[in-house]
Amino acid sequence: MAKQLSSAQCILLTVHYASSANIKALHSFTPTRSDVLEPDLILRILLTYLPESVEPREYSSYVEEVASRLYLDYEREEVDVDLSPVKHLSEEQAEKQVKRLHLREYKPMVFPPSASNDLFNRFLISRGLLMDEQAGLLNLVPHLVEPFLSRNDYLRTWYISVVLPIVRLELDYYGDQPDSKVPQMSLSDFANQDSAKGIEFLLRKALEMDGTVPMVEHSNTSIGRDVKGLVGPWMYGHTERKRRKMNPESQESARSAPDTVGQGGPVGTARKVPLDGITDEDKTGHDWEGMFRWMVTNANRDLTVIAHLIEDWDGPSDVDLGGFSEGGREYIDEEVLRKLELQYAQAAFAACYAAEGDTQEIIRGAHGILARLAELLDFLPPPDLASSVDSLPRVERQLTELGTSDSVNNLTSQRLLEPEHPLTTPRMETYMLLQMLVYSTYQLAGLGLNLALIDVAKLLFYASAEEQLAVLQKVLHGLTEHGSKKDEAEWDAQRKKLMWLWNWGIDVDDEQAQTGAGVLGRIKRELFEEEMLKVFIDTGLNEVDPGKNAEVLAPAGYSMAIKLYLSDQLATKHLPEGDVQRVVLAKAMEAYDGASNGNRTRGGMKKANDIINAYKPKFGQSIPFRQAISLLAATHALSFYSLKLQHGVPFQPVTIRVSSDPIGLIDKVLEQNAGSYSKLDDLIEIARNLVAAGLPPSEEEGKVVEVSKEEMARRKTEAERRVTFTAVEAALGEDDFETAYSYVVNRLTPSGADLTASTPAKTAQHAKSNGRNSFSASSRATKQEQVEDDVSWRAAFLAGRFRPSTTSTPPTLRRLEQRTELLSLALLLAPTAQLTDILAAWRRCEEEMTALQTSQQQAVDEFDDHADKRSALPGNFTISGEQPEMVLNQKRREMGRMTGGTGGGGGGTGEGEVPMSMFDLTRSAASAFSRNAFPLRAGSLAQRSTTETEGLEGSVESLASGGSGEQERVRKRDMVANAVSGGLASGLGWVLGATPEQGR
């Protein structure tokens, strides 16, 4: 019956059975009309109309028979062929329907010219692609292709490099992650990817997963498995991808190259990488080199992923092809494999330098890579990261000079894989260098400074000594900022770590070495030790028990400083004692400058005071230490006064050190603190301490100038006189003349010898002995005295011309005498140019005194007149203005005595005169008192004229005579006392019947 069908009907019937997936009918029908149904036509009909969901095992054998034209009757089940679907069609109708058929062509882009022209292979590949693209039935593709892999190398290569990675990626490895962010890719699209994009696609899901997997769970990570099971098969198709890129002229030579299937070294072992270096000839252009670049790029993002990969993957020889490669043959040439393994080791080096993370996971990952490199390069494995610095490997100094980098560009990711790179070429020197950098990164992290390994490399290669010192200071600052206290053993361990970072264990016992080989090695040894000493000083103070004496420091600080730098048992001290003293003082002054209050029981002042007290037993006799002690004492004393600077800025201790005139601060204290002038001794002590502190400092900063005792005494005296002068000003400003007068007389008046040396007589005598140059010679001779007396005469002049701010109370005679005394002192001490002003003030004061004396004389005269009228004499008793009778009886005798007399009161003028009565005695005493107590009544005008004619020389001589005026005043008082007492004695003697002594 089938023979009766036309060609068009045969084609339509074949399409009908293919569409209905009736393979048995096709198997029975198509062999009978082989004249019409060519194998190519049948396969294209199946490719177009056979549903993709049909299980491949149902038609794979039939397809093979069709492609080979060998129909096996023993495998064919005879069925009746139903011709009804096309039997009713006319020839014309059948041909029209055949023309409307659109049969698929084989995928041309999949088959390069080098592929075999095998119809069956073309069908299998095209069918597999359609199953994936049209129906998404990727799981059926292996069932279709795997039974026929042995038929053709190209089919095997296509399946291993294209199908196997996608099947494993989508179904086997990540089939339980349908919500992955990685988009799916069809087999056709994946087959046309270049190596870089293919690797990125295959490993993207592993990156997603490993981003959340801790390092300790590396055995469960997927990156190593994916490289071996996904990228490894993908690399199997490198030859075919390379052929697609080559021009037709070179395809023939490429076609003759052997297709190899790889296998690694012995099970459980890694192939050893030769240490031959990497040259330009070692760059093979293989797709594995893209994998190495991927490693470096992703190490920059997360080194832990690359560490997982390197720990689980032995390199290009370690791939999982699923057992589909041809047994006994390598997939890559041995020489190419050797070069790729060298580049793999270089990529491991480069991954460490490319990492930018600074976490502990990154450091452990770098250490894991280091251990794998030791295995691959056949080196001794590195010790554990947590090993003590004494157990860390030591390298020879000459090895540290190799593998160094002279340009920061060498550390960019793009250059780390260059041939003969100084840091990443697999050699013993580069391995040791990387090892030391890994341990340095770990030690820095343990000290509280987290740096990426690449930053540590830059610190080693490119940082200056100043930059390395900044890193050291940052580490030490972090150690002292931690809340937990460290004992001596802990600090000793920390110091050993820092010392190892300085020299990497090279020349440990060489105290003469000035620089080290480590990441901090550019720092001078003395500077390194100074920074350590500063930490011990700070630590000791921070750990002082508040309940104990501040001078007793904790062992962690003070004991370490003494043991390492000041102990007499040290064979060679790490620092000279002079440098230790300088550091101690620098730390004390640093705390001092940072203090906000001058009280040494609080804040920075307390810290500075504690430092000085702690090291005083060692350096207490040195000049800088004595100066620091004086400075602290002066600052502490100033803290008890209110003191503000310009713009209301509160006083801070650092103001003293930066001031060009520290004693001037005492002036502000007197201005801003009412009544502070009364505490002159305290203020003078502050000034003396400021002078003893060596302030202001010398022009050469840091240079200690030793001053003789005489010079120091002179400076202190000068400061004392200056403060006293300021106190005089402050006292006068508050109308306290008595205090100002006391300060001038008792503290600023020169001694008698000094006054005598400055008298005009001495000056004249000196001028006479020097002839014509008498003036200049005398000026030179008295210049020093004039400088010293400048404060004295100014203070005396200031107080001498003082007038109270309120004029309600007139000045007393004593006040005017004090002012005259002060102005006389000013005249004695002042330079010639100032005499005019002083004389004017002195004359005004004299005029006031004369006026006051005149007014007092008038008062005396009035008193005498009143007494002469006997209106107020003692014993003149009156009653209603009249004397009693007993008094009136004595009137004649009293009047006689008043008229006869010159001898009344002290005794009689004749021998036989009887002693006076008590009444007469009282009157005589009053008369004598008025004459002796007020002698100026008769001689005031004469005294004034005499004073005016004597002039300046008489005043000076009288002042220089040692206070004769005071003695004269004392004698007048004595005269009054003697007169009274003498009169009383005479009267009492008469009462007692005694005979008066003659001639008194």
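A crossing is left-handed if the near helix is turned anticlockwise from the far one by less than a right angle, and right-handed if clockwise.

**Entry 1: ground rules**

I'm working with a predicted model, where local features need pLDDT of at least 70, side-chain atom pairs count only at pLDDT 80 or more, and totals for chains, interfaces and linings use all residues. Residues are numbered from 1 along each chain as its sequence is written, and side-chain values use heavy atoms, with hydrogens and water left out. Helices are DSSP runs (H or I, at least four residues), numbered from the N terminus.

**Entry 2: H30 and H32**

I looked up helix H30 (residues 664-672) against helix H32 (residues 709-733): the angle is about 20 degrees and the axes are 10 Å apart. Axes are lines fitted to C-alpha atoms, for helices over the stretch in contact, and angles run from 0 to 180 degrees between N-to-C directions. Angles under 35 degrees count as roughly parallel and over 145 as roughly antiparallel, so H30 and H32 are roughly parallel. Their crossing is right-handed. On the H30 side I found Gly664, Ile666, Asp667 and Leu670, and they meet Arg722, Val723, Thr726, Ala727 and Ala730 of H32 (contact means heavy atoms within 4.5 Å).

**Entry 3: H9 and H12**

Next I checked helix H9 (residues 153-173) with helix H12 (residues 223-236), which pack at about 155 degrees with axes 7 Å apart. That makes H9 and H12 roughly antiparallel, and H9 passes H12 in a left-handed crossing.

**Entry 4: H4**

In helix H4 (residues 60-68) I noted Ser60, Tyr62, Val63, Glu65 and Val66 as buried (buried means under 20% relative accessible area, exposed over 50%, partly exposed in between, with a 1.4 Å probe and protein chains only). The buried residues of H4 pack against helix H2 (23-29), helix H3 (39-49) and helix H7 (119-134).

**Entry 5: salt bridges**

A salt bridge is a side-chain nitrogen of Lys or Arg within 4 Å of a carboxyl oxygen of Asp or Glu, and I get 43 of them by this rule. Asp282 pairs with Arg338, the closest N and O atoms being 3.9 Å apart. These two are 56 residues apart, with Arg338 in helix H17 (residues 334-354). Asp282 is buried, at 7% relative accessibility. Arg338 also bridges to Glu335 at 2.9 Å, and Glu335 is partly exposed at 36%.

Which residues are linked with Lys587 in a network of salt bridges? I found Asp538, Glu590 and Lys607. Lys587 and Glu590 meet at 3.3 Å, N to O, and both lie in helix H26 (residues 577-593), about one turn apart.

Methods:
Parallel < 35°, antiparallel > 145°, perpendicular 65-115°, else oblique.
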